[in-house]
Amino acid sequence: WVNWFQALFHRPFIAGVDLQARHGQHTHFELVIVKIQSRDNVEGIGYTYTGGKGGSSIKAMIDDDLASLLLGQDSTCIAQLWDKMQWHVHYVARGGIASFAISALDIALWDIRCKRAQMPLWRLAGGFQQRVRCYGGGIDLHLTESELCANVMKYIENGHTAVKIKLGKPTMAEDVSRVRAVRRAIGDEHTLMVDANMGYSVAEAIRAAKEFSKSNVLWFEEPTIPDDLAGTRRVGVEGGIAVAGGENLHTIHEFVRILEPGIFNDEIGCHTVQNHGDSSKITEVDVSILCS
């Protein structure tokens with residue numbers, strides 16, 4: 001049973017100004033941390049974050065609307081609590097702020113379950129692989145082309161075999177030039193991915209994809225707005241490149257829709273659950289998409 005609850009809000013400063021296509025400039029991140037304690041004194045910790053906006057609203061929804069709903073509830077009934085929280089604020093906050101707030105609480109409840117089971121989440125959810133591939137990447141759109149190449153080479157020197165870079169310069173020609181420069185820097189033996197953060201129209205993304213494919217790009221992440229599923233499918237089909245995404249989807253229903261054939265490559269998938277609020281459904285949906 002949920003016996004005690006606390007939400008914390010932090011706003012760490014970013015050294016310099018990070019830039020992403022549709023998200024704009026980032027000077028701060030916002031971190032909302034939730035602690036939930038059960039009656040048997042097991043404490044779970046969950047979190048969510050923003051790129052500098054909305055963090056205080058997320059914490060307010062947790063404090064004002066969701067905390068009282070969870071207190072006294074059975075902490076082992078995670079799926080039921082997830083559903084209860086969704087419907088509690090559904091009328092005014094479907095997706096968006098609600099998903100961020102619910103996800104922090106949901107993660108904390110899963111943390112309690114994992115601690116009780118003395119088992120990591122990946123194993124509790126049925127995972128069996130001890131190792132997964134990872135890539136080096138970060139917010140690097142503000143870097144010059146030479147700085148970008150130097151930055152990705154640090155990943156390679158640290159042992160990564162794959163890197164991802166941001167796109168969204170004022171002209172497509174600049175983006176294409178950066179992709180070509182990074183490919184030259186890392187060589188053909190390493191894997192390269194790109195992330196546009198929704199910066200292109202569908203027509204622009206198709207043209208860009210055709211250019212990026214010449215540099216053997218593995219996937220083109222969020223080429224356009226996530227609401228346009230038909231357009232996203234076109235980018236993959238007409239651009240001749242695998243499309244990835246999911247970062248700006250916030251409900252289980254949105255994720256079900258993107259599982260339709262032809263939208264995303266079946267081995268390339270979505271982002272983590274710290275801002276989606278759907279980890280309670282992790283054992284209910286059998287998908288081939290890799291959520292890393």
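Student: At what angle do α1 and helix α2 pack, and how far apart are their axes?

Tutor: This is a predicted model, in which local features need pLDDT of at least 70 and side-chain atom pairs count only at pLDDT 80 or more, while totals for chains, interfaces and linings use all residues. Residues are numbered from 1 along each chain as its sequence is written, and side-chain values use heavy atoms, with hydrogens and water left out. Helix α2 covers residues 78-88, and α1 packs with α2 at an angle of about 145°, their axes being 11 Å apart.

Student: Which residues meet there?

Tutor: From α1, Asp65, Leu66, Leu69 and Leu70 meet Leu81, Lys84, Met85 and His88 of α2. The residues of this contact comprise five nonpolar, one polar and two charged.

Student: Staying in α1, is Ile58 buried or exposed?

Tutor: Ile58, which lies in α1 (residues 55-70), counts as buried because its relative accessibility is 1%, where buried means under 20% relative accessible area and exposed over 50%, with partly exposed in between (1.4 Å probe, protein chains only).

Student: What is Ile58 in contact with, beyond its neighbours in sequence?

Tutor: Leaving aside neighbours within four places in sequence, Ile58 is in contact (heavy atoms within 4.5 Å) with Val32, Thr48, Thr50, Ile97, Phe100 and Ala101.

Student: Changing topic, what do the buried residues of α9 pack against?

Tutor: They pack against α8 (202-213), β9 (217-221), β10 (242-244) and α10 (252-258), and the buried residues of α9 (residues 229-239) are Leu229, Gly231, Thr232, Val235, Gly236 and Gly239.

Key. Helix = DSSP H or I, 4+ residues; strand = E, 2+ residues; numbered from the N terminus. Axes fitted to C-alpha atoms, helices over the stretch in contact; angles between N-to-C directions. Nonpolar A, V, L, I, M, F, W, Y, C, P; charged D, E, K, R; others polar.
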